[in-house]
Amino acid sequence: MTVKSPRLAAFETLYKIQQESAYSNLSLDHLPVANGQERAFATALVRGVLERQITLDALVDKFTTGRLKPKVRLLLRMGAYQALYMDKVPVPAAVNETVELAKTVGQGYYGCMINAVLRQIAADPDLPDTPTLRYSVPQPLLAMWQKTYGADATAAFLPYINGRAPLFLVPNPLFVTPGQLQEMLAEEGVQARLLPEKVLTVDDGFDVERSAAFQKGYFHVQDLSCYLACAALQVRPGQTVLDVCAAPGGKSFTLAEQMNNTGRLIACDLHPHRVELIRSGARRLHLDCVESQDATLHSQDIPAADAILCDVPCSGFGILRRKPEIRYKDLDSIKDLPALQLSILQTAATYLKPGGRLVYSTCTLHKKENEKVVSAFLDRHSAFFLAAECTRFPCEQGSDGFYYAALERQA
């Protein structure tokens, strides 16, 4: 791998996301930079440009005319973001470095224009104060949220869709209590806050994999909303539990720990490399009851379950801080998701024992994928009833936007 400057690495990553619809979280795992400091800078630049793209484009359009080449527009976005949002980058540096980057990526002809536009943006960054421009959220998505959840609820969570989400650490009860883990992390120089849910939270800058407590299997990382969805399943020691769409494994680990590492926790995923993530995580946490399978739910090896977690693929509108490019999805492009989600839910439900509990969950804020899927399922399956339902917004304890419904099958 050829090492590149952090700005060039950021440019190439953003261009790949723009042209190939690549995922930012996966692309950022492979930045060709020299060290951790450069990685942090390039990551912040990539994520920031994606988060603020609508706002940045409005500023670029304010001082340009005509259609811009995609690479030139991207350069202007990057330069404007550094000048306006990165406190440690002086405006002259943001401008000059972007002009130099333009030469590197074959757009040096536009250097004078880039210089002039970025200086104008820095001098006059004012735009109309609308939610779309303030939070860089597309108008169709904003309108959907306002119609679905109301203007007040939407206004309350919009400030939380940008920036970095905190990390939530789930203690492994086989080895430590939440208080003991908090003390161990303090000895490592990490200040963790204990939440009422017995989960710890730390700032995003914590290097998890270098932590001695992590390496010993004393905790795993899982968003609080997802953790609460697992808790809603109400698993007990000795049960047989099925985790549908389980990778990368955080849900399975939480459930296995709640089962006191007894019984059977069958974690299913279709992709072999993702199944291996579950296996390696279970080994680190010493969770012997976790059985990961590279299989579909039609596998003959899957027994009837006392409890099932059905966390389905979704549009992801609850996790914009983690995957900021998701907000730019065309709403029409996800119109087929509810049918897929209902199909997965119906298939999973066939494995639930009478008297058992199933939790359906998503990390999106979109009623067509949430309440309406559950309602359609209940209309078709009279043996099931809704026991509990919850929608969590990003403004609640810093966790992700999330939905879950607990369904029970009559005995």
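Is S21 buried or exposed? S21 is exposed, with a relative accessible area of 61%. This is a predicted model in which local features need pLDDT of at least 70 and side-chain atom pairs count only at pLDDT 80 or more, while totals for chains, interfaces and linings use all residues. Residues are numbered from 1 along each chain as its sequence is written, and side-chain values use heavy atoms, leaving out hydrogens and water.

View 1. Most residues other than glycine have a negative phi, and most peptide bonds are trans. S21 has a positive phi of about 55° although it is not a glycine. This serine sits in the loop between α1 (6-20) and α2 (24-27); helices (H or I, at least four residues) and strands (E, at least two) are DSSP runs, numbered from the N terminus. N260 also has a positive phi, near 60°, without being a glycine, and its place is the loop between α14 and β6 (264-269). N260 counts as partly exposed, at 48% relative accessibility. Here buried means under 20% relative accessible area, exposed over 50%, and partly exposed in between (1.4 Å probe, protein chains only). Finally, look for the cis peptide bond from A247 to P248, with omega near 5°; P248 belongs to the loop between β5 (240-244) and α14 (250-258).

View 2. S27 is part of helix α2 and counts as buried at 15% relative accessibility. Leaving aside neighbours within four places in sequence, S27 is in contact (heavy atoms within 4.5 Å) with T13, I17 and A22. R47 lies in helix α3 (residues 36-51) and is buried too, with a relative accessible area of 6%. Not counting residues up to four places away in sequence, R47 touches L28, G163, R164, R321, R322 and P324.

**View 3. Helices α3 and α5 crossing.** Helix α3 packs against α5 (residues 70-85) at an angle of about 110°, and their axes are 10 Å apart. Axes are lines fitted to C-alpha atoms, for helices over the stretch in contact, and angles run from 0 to 180 degrees between N-to-C directions. That makes α3 roughly perpendicular to α5, a label for angles of 65 to 115 degrees; under 35 counts as roughly parallel, over 145 as roughly antiparallel and the rest as oblique. On the α3 side, the contact is made by F41, A44, L45, G48 and V49, and on the α5 side by L74, R77, M78, Y81 and Q82.

**View 4. The two faces of helix α17.** Which residues of α17 (residues 371-380) are buried? They are E371, V373, V374 and F377. These residues cover an arc of only 165° around the axis, which puts them on the same side of α17; the arc is that of the directions from the helix axis to the C-beta atoms. An α-helix has 3.6 residues a turn, so residues three or four places apart point the same way. The face turned away from the buried side carries the exposed residues K372, D379 and R380. Covering the buried residues are elements that include α16 (337-349), β9 (352-362), β10 (384-392) and β11 (402-409).

**View 5. A sheet of four strands.** Strands of a sheet pair through backbone hydrogen bonds, either parallel or antiparallel. In this open sheet the order is β2-β3-β1-β4, and the pairing is antiparallel. Two strands pair if DSSP finds at least two bridges between them. β2 (193-194) and β4 (219-221) stand at the edges with a single partner strand each, so one side of each is left without a neighbour in the sheet. β1 (residues 167-171) and β3 (residues 200-202) pair over three bridges, and the bridge partner of L167 in β3 is V202. Helix α14 packs on the sheet, touching β1 and β4, and its direction makes about 145° with that of β4.

**View 6. A sheet of seven strands.** Follow the order β7-β6-β5-β8-β9-β11-β10 across this open sheet, where the pairing is mixed. β7 (290-294) and β10 stand at the edges, each with a single partner strand. On average, neighbouring strands of this sheet are turned by 15° against each other, direction ignored. β8 (residues 305-311) and β9 pair in the parallel sense over six bridges, with Y360 of β9 as the bridge partner of C310. Helix α13 (residues 224-231) lies across β8, β9, β10 and β11, running at about 5° to β11.
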